[in-house]
Amino acid sequence: MARWTGEWLPGAGDGTTAGGESTQRWRGERLGLPESGVGSVAGGGARFLGLIIDLVLASLVTTLFVKPSIQDPAVMQTFNLWSVGVWAVLTIVSAAFFGFTPGMGVVGIRVARLDGAQMVGVWRAAVRTALTFVIIPAAIRNIDGRSWLDRLTGSVVIRMR
């Protein structure tokens with residue numbers, strides 16, 4: 001049962017004791033990650049900023065093919081749909097093969113697999129992208145700073161610098 005509740009109930013394998021005291025001194029300690037610097041768990045602010053940069057970049061790329069028109073809702077709907085598609089492709093391809101998206105690269109973070117493999121892989125990148133699109137799974141984090149999408153794909157977002 002602790003396997004299922006380990007990250008939600010205190011004292012059930014989440015790095016806290018029954019009294020709520022943390023046995024973990026920093027985020028990522030139980031994953032073998034350093035407290036700070038290169039390889040430490042990235043904060044939520046950097047992750048969010050990286051996402052915003054990726055969304056803006058996808059919109060800019062989309063403007064090369066679809067001209068936005070604020071006054072025309074139909075054109076804007078088409079523009080937004082294409083922007084989401086461009087964002088998804090940009091995110092999946094770059095995360096799968098390089099471990100980071102352009103926005104993540106700008107803020108100095110990347111996705112690392114917990115099993116030590118170099119490449120994130122296409123299926124992990126696709127799952128991460130789909131869950132990021134839903135927003136809630138990307139926003140809820142455990143004591144290690146890992147979101148649902150990190151836990152589902154066996155990964156963690158770490159600092160590159």
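## Overall fold

The protein's secondary structure amounts to seven helices and two strands, where helices (H or I, at least four residues) and strands (E, at least two) are DSSP runs, numbered from the N terminus. Along the sequence these elements follow the pattern α-α-α-α-β-α-α-α-β. This is a predicted model, in which local features need pLDDT of at least 70 and side-chain atom pairs count only at pLDDT 80 or more, while totals for chains, interfaces and linings use all residues. Residues are numbered from 1 along each chain as its sequence is written, and side-chain values use heavy atoms, with hydrogens and water left out.

Of the 161 residues in the protein, 37% are buried; buried means under 20% relative accessible area, exposed over 50%, and partly exposed in between, with a 1.4 Å probe and protein chains only. Among the contacts (heavy atoms within 4.5 Å) between residues at least 6 apart in sequence, 59% join residues at least 24 apart.

## Helix α2 and its buried face

Helix α2 has 20 residues and reaches 29 Å from its first C-alpha to its last, close to the 28 Å expected at 1.5 Å a residue, the expected span being 1.5 Å times one less than the number of residues. Its buried residues are R47, G50, D54, A58 and T62. Seen down the axis of α2, these buried residues fall within an arc of 110°, so they line one face of the helix; the arc is that of the directions from the helix axis to the C-beta atoms. An α-helix has 3.6 residues a turn, so residues three or four places apart point the same way.

The face of α2 turned away from the buried side carries the exposed residues G45, F48 and L60. The cover over the buried residues of α2 includes α3 (73-98), α4 (102-107), β1 (109-113), α5 (122-134), α7 (148-153) and β2 (155-159).

D54 lies in helix α2, which runs over residues 44-63. D54 is buried yet has no salt bridge, and the nearest side chain of opposite charge, that of R128, is 9.7 Å away; here Lys and Arg count as positive and Asp and Glu as negative, while His and the chain ends are not counted. Leaving aside neighbours within four places in sequence, D54 is in contact with W87, L90, T101, P102, G103 and M104.

## Salt bridges

The model has four salt bridges, each defined as a side-chain nitrogen of Lys or Arg within 4 Å of a carboxyl oxygen of Asp or Glu. In one of them the side chains of R30 and D144 meet at 2.6 Å, N to O. This pair links distant parts of the chain, with R30 in the loop between α1 (2-5) and α2 and D144 in the loop between α6 (136-139) and α7, 114 residues apart. R30 is partly exposed, with a relative accessible area of 38%, whereas D144 is buried at 1%.

The side chains of R128 and D150 form another salt bridge, at 2.5 Å from N to O, and this pair also links distant parts of the chain, from helix α5 to helix α7, 22 residues apart. Both R128 and D150 are buried, and salt bridges that share partners join R47, R128 and D150 into one network. A further salt bridge joins the side chains of R113 and D115 at 2.6 Å, N to O, with D115 exposed at 51% relative accessibility.

## Helix α3 and its ends

At 1.5 Å a residue, the 26 residues of α3 should span 38 Å, and the end C-alpha atoms are 36 Å apart, which agrees. The buried residues of α3 are M76, F79, S83, W87, T91, S94, A95 and A96, and what covers them includes α2, α4 and α5. At the start of α3, a side-chain oxygen of D72 reaches to within 3.2 Å of the backbone nitrogen of A74, and just after the helix G99 takes a positive phi of about 90°.

Most residues other than glycine have a negative phi. I135 has a positive phi of about 80° although it is not a glycine. I135 lies in the loop between α5 and α6 and is exposed, with a relative accessible area of 55%.

Definitions and conventions:
Polar contact = N/O pair within 3.5 Å; in protein donor to acceptor, adjacent residues only side chain to side chain.
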